[in-house]
Amino acid sequence: MKFGHFDDEAREYVIETPATPLPWINYLGSEDFFSLISNTAGGYSFYKDAKLRRITRYRYNGVPADEGARNFYLTLMSDASDNAKPLASWSPTFLPLKTPLDFYECRHGMGYSIFKAEYAGVASELTAFVPLHTAAEINKLTLTNTTDEAKVVDATACVEWCLWNAVDDASNFQRNLSTGEVEVEQTDQATLLYHKTEFKERRNHYAFYSVNEPTIGFDTSRDEFLGKFNGWDSPQVITEGRAHDSIAYGWSPIAAPRVRVELMPGESRTLVFMLGYIEVPNDEKWEDPNDPLKVGIINKKPAHALFEKFNTVEKVDAALADLRTYWDGLLGGFQVKTGDEKLDRMVNIWNQYQCMVTFNLSRSASYFESGMGRGMGFRDSNQDLLGFVHMIPERARERILDIAATQLPDGSAWHQYQPLTKKGNADIGGGFNDDPLWLVASVFAYLNETGDDSILREPTQFDNESGSEKPLLEHLRRSVNFTMTHRGPHGLPLIGRADWNDCLNLNCFSSTPSESFQTVENNDTGIAESVFIAGMFVLYGEQYAQILEEYGKACGLTDEQIASETADARKAVDEVRAATLDAGWDGAWFRRAYDANGNPVGTGEDTEGRIYIEPQGMCVMAGIGVDDGKAAQALQSTKDLLTCDWGTAILAPAYSTYRIELGEISSYPRGYKENGGIFCHNNPWISIANAEINNNDEAFNVYTRTCPAYTEEYSEIHRTEPYVYCQMVAGPEAPTTGEGKNSWLTGTAAWTFVDVSQHLLGVQPTVQGLKVEPHLPQKFTDLHIERVWRGTRYIVDVKRTGASSLTVDGQPVSGTTIPTAAAGTKEVHAQLTI
């Protein structure tokens with residue numbers, strides 16, 4: 001069952017009913033100001049940090065869901081007089097009024113969403129977006145009279161303010177119910193409603209909500225707006241047909257301007273609503289600090305300037321056109337025609353779009369991540385970079401340096417950091433021993449993409465401490481050395497608190513209800529080891545050696561230093577590879593780990609949790625066991641024991657009881673999340689691994705099982721958005737197999753794009769040039785690929801003929817690598833036969 005359809009030409013997903021299985025959302029914003037918006041206009045907005053600069057409220061546990069933050073009400077009035085009566089009311093986004101509409105459509109596009117509705121002879125079109133380089137969300141509302149009679153429509157918009165710190169806002173009521181403050185600025189041309197809570201004390205920022213037309217009233221008090229016993233679906237002011245002009249003094253401040261629109265037959269009118277965020281220097285906070293009558297009145301000049309940038313339809317339309325052009329540029333760097341429309345739409349549009357969203361937000365704010373705790377992940381952000389570095393390398397460089405500056409001096413890392421302060425987040429815990437190696441992965445990808453070795457020489461702090469600056473290369477060195485010096489009894493890397501699977505807590509032994517597995521004492525005895533990190537070290541330790549060989553001299557190293565350090569790294573890589581093939585091999589698959597008692601995890605010796613997905617993917621990606629058949633055997637076991645129609649589960653069989661020596665992984669019900677769920681993030685590793693051993697059919701099958709475009713027709717089962725990946729799908733042992741959770745902000749997006757672009761389609765940046773080695777099934781006979789790399793557009797046509805050849809600009813080239821074009825070359829044309 002589908003609830004909409006893809007419009008590939010417009011790059012939109014068209015939702016045809018508000019009754020989707022879950023709220024299906026989009027993200028607005030590309031830099032500092034972000035909004036989440038659902039197909040019924042729910043969601044919230046924040047500036048940089050969803051915890052510390054939350055602008056509007058959202059209730060994750062609210063029933064019914066998705067109400068209260070961004071509300072629009074249209075009311076058909078009896079006439080245009082002051083005594084006019086309301087005849088009918090509805091919401092142009094269906095919620096919150098829930099009036100059955102004559103027509104409804106939501107179009108989620110690249111950084112914008114459009115809602116179309118019809119009711120009572122009035123057609124509406126609401127377009128929401130965040131303009132480029134702007135700390136504001138624009139809502140453009142066009143109303144059209146579709147009848148042959150004049151109509152009077154009152155348009156009321158409402159946002160509910162969050163009191164900045166989202167955690168404090170949701171808990172510290174004894175203070176917050178007394179702190180809310182607003183100001184109102186109402187003129188003949190516009191109305192601006194200001195949220196200035198805490199502005200007179202420690203804050204230098206405020207927010208405002210405006211409309212570019214004169215209003216017939218407003219409200220800033222939620223209690224006055226809703227009335228007693230009413231919810232957002234039945235506000236008193238909408239029922240009465242008039243605003244109360246209320247002023248909030250504490251309690252729950254809102255902003256709700258009301259505009260009256262008179263429409264002749266066939267006439268259209270457009271209103272521009274804006275949610276804006278303003279920061280001012282501390283010495284410019286007040287309108288006039290020297291006038292006793294004006295102390296406490298906020299400096300509105302920057303708000304006026306922001307408002308005037310978008311106070312006409314023409315200005316708004318120009319900003320929306322700029323946004324479309326921006327996304328044309330981002331997505332245009334990798335475009336394909338494969339003959340499979342589902343594959344094309346994911347590669348060309350939605351997968352890349354999701355990669356950019358996860359770059360912007362890591363795991364901090366979605367409908368499953370509240371934005372109140374996690375911040376940006378060290379591991380997460382490094383992996384996300386793999387999927388977007390080709391689109392916006394200059395921001396990738398900035399992100400790498402931000403991440404590295406949170407690294408600890410011994411080479412380990414804070415697990416997460418707050419994006420506003422860029423300080424490590426102690427509340428979320430640490431000691432995840434895979435974190436350091438991901439920095440090598442992201443830097444290696446950046447270097448292959450750009451060739452910009454200056455990043456390796458960039459002075460970068462440790463733990464954001466002034467005076468601790470060392471070149472980025474030293475950060476990589478300490479990352480690798482941390483793993484080299486933290487190995488256990490079998491020669492495998494120690495797992496610490498956990499590795500990529502945060503729920504495999506082999507050193508925690510928690511028996512206290514409600515105790516956090518991420519912050520409970522980590523009793524690392526130097527025994528618990530990770531086969532997964534072993535695979536990582538073999539893969540990324542070799543990449544570090546290649547970085548030294550290619551760029552060591554540019555970083556001031558001598559030939560002797562380079563030779564010595566690469567030899568040490570490769571010696572350790574060889575040792576870990578050997579340990580993996582010995583202690584890490586279980587007979588038909590790679591083991592997952594050794595617990596703190598020295599017992600194997602992910603072994604046929606157990607009755608549950610016998611095989612895990614992660615080491616099968618990572619170890620084969622690293623080339624471990626490829627030569628002796630172990631890799632092929634591990635992948636066959638993965639297919640036989642872990643894979644169903646919905647994807648490949650994280651482990652099997654699922655644990656039926658809590659095992660204190662394993663931790664959180666065994667606390668979930670069977671088939672969900674880490675206990676036997678299909679963790680989509682690691683499915684691309686299995687696809688890549690199959691491609692590495694030329695098992696191309698299974699590589700593509702793994703890709704399609706979790707790909708949204710291929711599962712769209714089962715949306716009533718899957719539930720999450722059919723245009724983006726989710727983190728987890730209920731596994732084969734779950735009662736609700738195939739049900740998705742945790743959509744949007746997942747490493748699945750980046751790793752799937754790496755899989756499909758660099759391995760299935762086979763276009764891989766290298767130091768030597770652009771390698772093209774597709775690993776698609778035989779049915780793909782002709783491919784057209786356009787890839788912008790280092791300022792040049794490479795146009796590659798691949799034809800399946802049974803013979804191998806490569807020509808570049810008409811000249812034959814040996815192998816499958818297109819040499820790097822000379823600087824300034826606009827296009828390179830290549831033909832590859834396979």
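Modeller: Contact here means heavy atoms within 4.5 Å. The model is predicted.

Colleague: Leaving aside neighbours within four places in sequence, which residues is His775 in contact with?
Modeller: His775 is found in the loop between strand E36 (769-772) and strand E37 (782-789). Once its neighbours within four places in sequence are set aside, the residues in contact with His775 are Ala691, Asn694, Asn696, His759 and Leu760.

Colleague: Which backbone oxygen does the side chain of His775 reach, and at what distance?
Modeller: Ala691 is among the residues in contact with His775. The His775 side chain reaches the backbone oxygen of Ala691, at 3.4 Å.

Colleague: Is His775 buried or exposed?
Modeller: Buried means under 20% relative accessible area. His775 has 13% relative accessibility, so His775 counts as buried.

Colleague: What separates the C-alpha atoms of His775 and Asp697?
Modeller: Along the chain, His775 and Asp697 are 78 residues apart.

Colleague: Which strands stand at the edges of the six-stranded open sheet?
Modeller: The strand order is E20-E37-E38-E42-E39-E40, with mixed pairing. An edge strand has a single partner strand, so one side of it is left without a neighbour in the sheet. The two strands at the edges are E20 (334-337) and E40 (811-812).

Colleague: Which residue in E40 does Val808 stand opposite?
Modeller: Strand E39 (residues 805-808) and E40 run antiparallel and are joined by two bridges. Opposite Val808 stands Gln811.

Colleague: How far apart do the C-alpha centres of domain 1 and domain 2 lie?
Modeller: The domain assignment gives domain 1 as 31-328 and domain 2 as 764-833. Their C-alpha centres lie apart by 50 Å.

Colleague: What radius of gyration does the protein have?
Modeller: The C-alpha atoms fill a box of roughly 85 × 60 × 55 Å along the principal axes. A compact globule of 834 residues would have a radius of gyration near 28 Å. The protein agrees with that, at 28 Å.

Colleague: What share of the contacts with a separation of 6 or more is between residues 24 or more positions apart?
Modeller: The protein has 20 helices and 42 strands, and 62% of its 834 residues count as buried. Among contacts with a separation of 6 or more, the share from residues 24 or more positions apart is 67%.

Definitions and conventions
Residues are numbered from 1 along each chain as its sequence is written. This is a predicted model: local features need pLDDT of at least 70, side-chain atom pairs count only at pLDDT 80 or more; totals for chains, interfaces and linings use all residues. Side-chain values use heavy atoms; hydrogens and water are left out. Two strands pair if DSSP finds at least two bridges between them. Helices (H or I, at least four residues) and strands (E, at least two) are DSSP runs, numbered from the N terminus. Domain bounds come from an automatic or database domain assignment. Buried means under 20% relative accessible area, exposed over 50%, partly exposed in between (1.4 Å probe, protein chains only). A polar contact is a pair of N or O atoms within 3.5 Å; within protein, one must be able to donate a hydrogen and the other to accept it, and residues adjacent in sequence count only if both atoms are side-chain atoms. The radius of gyration is taken over C-alpha atoms; the globule rule is 2.2 Å times the number of residues to the power 0.38.
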